[in-house]
Amino acid sequence: MKKTGKLESGKLTGNELIKDIDLENFDLNLKIVDLKTVPSTEMKLSDIVDIKKQIDSEVEEGADAIVLTHGTDTLEETAFMLDLLYDGKAPVVITGSQRSMGNLGYDGSANLRDAIIVSSSELSRNKGVLVVFDEKIFLARYVSKINSTELGGFASTVSGPIGNVYGREVFYYYDTIGYKKLEILDYNFEKSVYIVKMSLDFDENIFDKIIDKDCHGIIIEGFEVGAVTPAVQDKVEKAIKLGIPVVLVTKCIRGGVRCIYGTKGTAVKLKELGAILDYGYLSSNKARLKLIAMQNSAEKDEIKSKWNLY
C-alpha cells in the first residue's frame, strides 16, 4: 500500500506470492524468477518479448512447465501475444488476481496454486498458452476479462472454458484445433497500429489524422457482422491505396465478421477494396497485436492470405 491508502500493483515478488500456497505434498521443483515488476497497464511489447525469451530459455534448460503471474488489466493481451509466438510443448499458464493481497476474499493464492497444478499436468502439454482463473482453464486465444471486480473476472464468450481444476484434479472438456505459430524475424515491433471503433454518427475524418502519423496498420471494430459507414469506406480505400493494412473485426462477442450485405460500407465491399476480414472472433485489441506480430514475421508479405491461419 502507498501512503495514500491506494493500492499499488506489480510490486510483489514471486516468494511473496507463493508464501501462503500449500504445495508441500506435491512433487514439484519450483524455480522462481522475478522478471517484471510493473503494473499491467504499463506493459509494453518489449516486455512481452523479454517474457517470451525467458520462457524459451527456461524450457531449453529443462523446465517442464511455466507459470506466469500477470496483472489482470492486460493479461488477455499478453497471453494472446505469447500464444502467437510460443511453439513449445511445455505448458505455459498465466494467472493473476481480481482482489489484492490483504483484502477480504483475496483470490491470488488459489489462482496461483491452480495454475501450478494445471501446468504440472501431462494433459496440459501441446495446448499453447493457457489462462487459469477461478478454477477454470481458458485458451489464451479466446479469453477475455468480462468483469472488473468479481472473482470470476475472466471468461471465453466464444468457446467457454476448455477445462477446470479442483483440488489436485485437472479435467479438460475437449481437445483443441491448434493454430499455426508465427516465425518472428525481428522482435523490434512497430506499435503504430491503431484501433478505430465504429459508433453512431462516427466522424470519418479521424482516419486522415491516423494515416498522417506514419501508420503501420488500422484495426476497425465494425458494426454487427462487420460494417462501417459509407464515408468510412472511402477512408479505408485511401488507406489501402497508401499500402496501410486494414483489418475488420466486429464489436459483437459472437457471430464474427461475415459477408452478407452488399451495400457500401459492408464487409463485402471492404473485402473488395483489399481489407482483411477476421473470421477468428478476435477482439480489436488482439487483432492489433496479431497484425503487429505478422508484420515482423515470415508471413509479412502474405498477411491478407494467411491472416486467418494464425
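A residue counts as buried when its relative accessible area is under 20%. Keep that cut-off in mind for this predicted model.

**Stop 1: C215**

Select C215. Its relative accessibility is 11%, so C215 counts as buried.

**Stop 2: C252**

Now look for a sulfur partner. A disulfide is a covalent bond between the sulfur atoms of two cysteines. Counting one takes a pair of cysteine sulfur atoms within 2.5 Å. By this rule the structure has zero disulfides. C252 is in none: the nearest cysteine sulfur belongs to C259, 15 Å away.

**Stop 3: the whole protein**

Zoom out and switch to a cartoon view. The protein has nine helices and 12 strands. Its radius of gyration is 21 Å, close to the 19 Å that the globule rule gives for 310 residues, so the protein is as compact as a globular protein of that length. Turn the model to view its principal axes: the C-alpha trace spans about 65 × 45 × 35 Å along them.

Show the contacts next. Among those with a separation of 6 or more, 69% join residues 24 or more positions apart.

Of the 310 residues, 46% are buried.

**Stop 4: helix α3**

Select residues 75-85, which form helix α3. How many of the residues in α3 are buried? The count is 11 of 11, so this helix is mostly covered. Among the buried residues are L75, F80, M81 and L85. The list also includes E76, E77 and D83.

**Stop 5: an aromatic pair**

Show the aromatic side chains. The structure holds four aromatic pairs. One of them joins F202 and F207, in an edge-to-face arrangement. The centres lie 6.4 Å apart, with 70 degrees between the planes. Both F202 and F207 are buried.

**Stop 6: charges over rings**

Select K127 and Y172 together. The charged end of K127 sits over the ring of Y172, 4.5 Å from the ring centre.

Next, select R141 and Y179. What lies over the face of Y179? R141 does, at 3.6 Å from the ring centre.

Terms used. Residues numbered from 1 in each chain as written. Predicted model: local features only at pLDDT ≥ 70, side-chain atom pairs only at ≥ 80, totals over all residues. Heavy atoms only, no water. Buried < 20%, exposed > 50% of the residue type's maximum accessible area, 1.4 Å probe, protein only. Phe/Tyr/Trp six-rings, centres within 6.5 Å; stacked < 30°, edge-to-face > 60°. Lys NZ or Arg CZ within 6 Å of the ring centre and 35° of its normal. Helix = DSSP H or I, 4+ residues; strand = E, 2+ residues; numbered from the N terminus. Rg over C-alpha atoms; globule rule 2.2 N^0.38 Å. Contact = heavy atoms within 4.5 Å.
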